[in-house]
Amino acid sequence: MENNLAPEPKIGASREGARLGRSVSTPPRSPRIIDVTAEERLEIIYIGKLLKARYGDYSHPDFISMIHLNAYKMLPERLAKILSNFGTDFSEEQYGAIVFRGLVEVDQDALGVTPPSWKETDFSKLVEYGFISALLHGVVPSKPVEYFAQRKGGGLLHAIIPDEKMALSQTGSGSKTDLYVHTEDTFLYNAADFLSFLYLRNEEQVPSMLYSIRSHGKTNEMMKELFKPMYKCPKDANYATEEAIGDSPSTAVLYGDEATPFIRFDAAEQIFNKDAGQSPEAMDNLKEFWAEAKQLIYNDFIPQAGDLIFVNNHLCAHGRNAFVAGFRNENGIMVKCQRRQMLRMMSKTSLIHIRSVTHPENPYLIMEEHYGQVYKNQG
Ligand SMILES: [Fe+2]
């Protein structure tokens, strides 16, 4: 029921603040969850089919060049407005992730068994999901891109599938590892601006793990230290052998506006990788920050098939879950099931600002290897 007596408090605004007629905000601790209506879902599924008939593939140049126009014209208006606003909302109330619950319906029979790894993905079954994901990025507005650093590009849509061979080793490890979170591609200056994770299958019932810099509330003294460009991030575990750590650039973890900062952070690589190469001062700061940050990790939402999580990669990090792939817990007994399948898309709001690191013939392919350094001899 709506009443016209008092304006709705903003998301995150406290009741006390609303009562006093001023904006006193409590830091957001969880993503906004949008329940997609049955009607919206039908529209979206129809749009996916229509675009497939019209363009064939979501990477077709004609579709990509028309992505914003199509996004504004075709998407259900309520969802388009939410995402368009999300693209420019960096306020203290903005968590930096939105869950669209029940965005699509996934025909599990048509999807078939989960392939052994992403390499065997049958993309012909995923084309419509690619169009739908691309339109969501398009309406922000942002442009789907691919990164050479991940699967040598590998297309605009990546299937994220736990490797069948890894399932046993994860079973063997037994205990849950620490809840590590990262912003995507922390080791790049030009990491994605926005990410989407569309869940096709999550029979293991793995929770999504999110962490927002906004959950800390006001920037405290410890966080101010993170604005200093003194932190390293290895590009991967082989980093120490490939490059002298001392020569690699250092960056800030927090940047942008001091009161409402953006974040670039990878707990596993920057703190727990023994080859991270941090100075003692940098490591002390990172550990102090992590002690606070890990308390703020949100781990309550369990995505179901058809749910999509849309993330601002400058505000919100996501997690590396430890889970037993291909098994679900039924009353304490581990029962075999289909392994998880998720589709990731990444986007940048400006191709102009990343041109110094994109492929000469493909401005949607980012060739950055490590903090401004570009892959050589890749044609
Ligand atoms: Fe990631």
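## Close-up views of a predicted model

View 1. Leaving out residues up to four places away in sequence, Phe 63 touches Leu 51, Tyr 55, Asp 57, Tyr 58, Asn 70, Phe 131, Ala 134 and Leu 135, where contact means heavy atoms within 4.5 Å. The model is predicted, so that local features need pLDDT of at least 70 and side-chain atom pairs count only at pLDDT 80 or more, whereas totals for chains, interfaces and linings use all residues. Residues are numbered from 1 along each chain as its sequence is written, and side-chain values use heavy atoms, with hydrogens and water left out. Phe 63, Phe 100, Leu 103 and Phe 310 touch the most other members of the largest nonpolar core, which has 45 residues; such a core is a set of buried Ala, Val, Leu, Ile, Met, Phe, Trp, Tyr and Cys residues joined through side-chain atoms within 4.5 Å. Helix 7 (residues 127-138) gives the largest share of this core, 7 residues, helices being DSSP runs of H or I with at least four residues and strands runs of E with at least two, numbered from the N terminus.

**View 2. The iron site.** His 182 (NE2), Glu 184 (OE) and His 318 (NE2) coordinate the iron ion at 2.2 Å; donors are N, O and S atoms within 2.8 Å of the metal (3.2 Å for Na, K and Ca), and since water is not among the atoms, sites may look incomplete. In sequence, these donor residues follow the spacing H-x1-E-x133-H. Glu 184, in the loop between strand 5 (180-182) and strand 6 (194-201), and His 318, in strand 11 (residues 316-320), lie 134 residues apart and link distant parts of the chain. Both Glu 184 and His 318 are buried, that is, under 20% relative accessible area, against over 50% for exposed and in between for partly exposed (1.4 Å probe, protein chains only).

**View 3. Arg 344 and its polar partners.** Arg 344 belongs to strand 14 and is buried, with a relative accessible area of 8%. Its side chain makes polar contacts with the side chains of Gln 150 (2.6 Å) and Glu 184 (3.1 Å), a polar contact being a pair of N or O atoms within 3.5 Å, of which, within protein, one must be able to donate a hydrogen and the other to accept it, while residues adjacent in sequence count only if both atoms are side-chain atoms.

**View 4. Strand 3 and its partners.** Strand 3 (residues 143-147) has 4 of its 5 residues buried. Strand 3 is joined to the antiparallel strand 14 (residues 341-348) by 3 bridges and to the parallel strand 16 (residues 362-366) by 2 bridges; two strands pair if DSSP finds at least two bridges between them.
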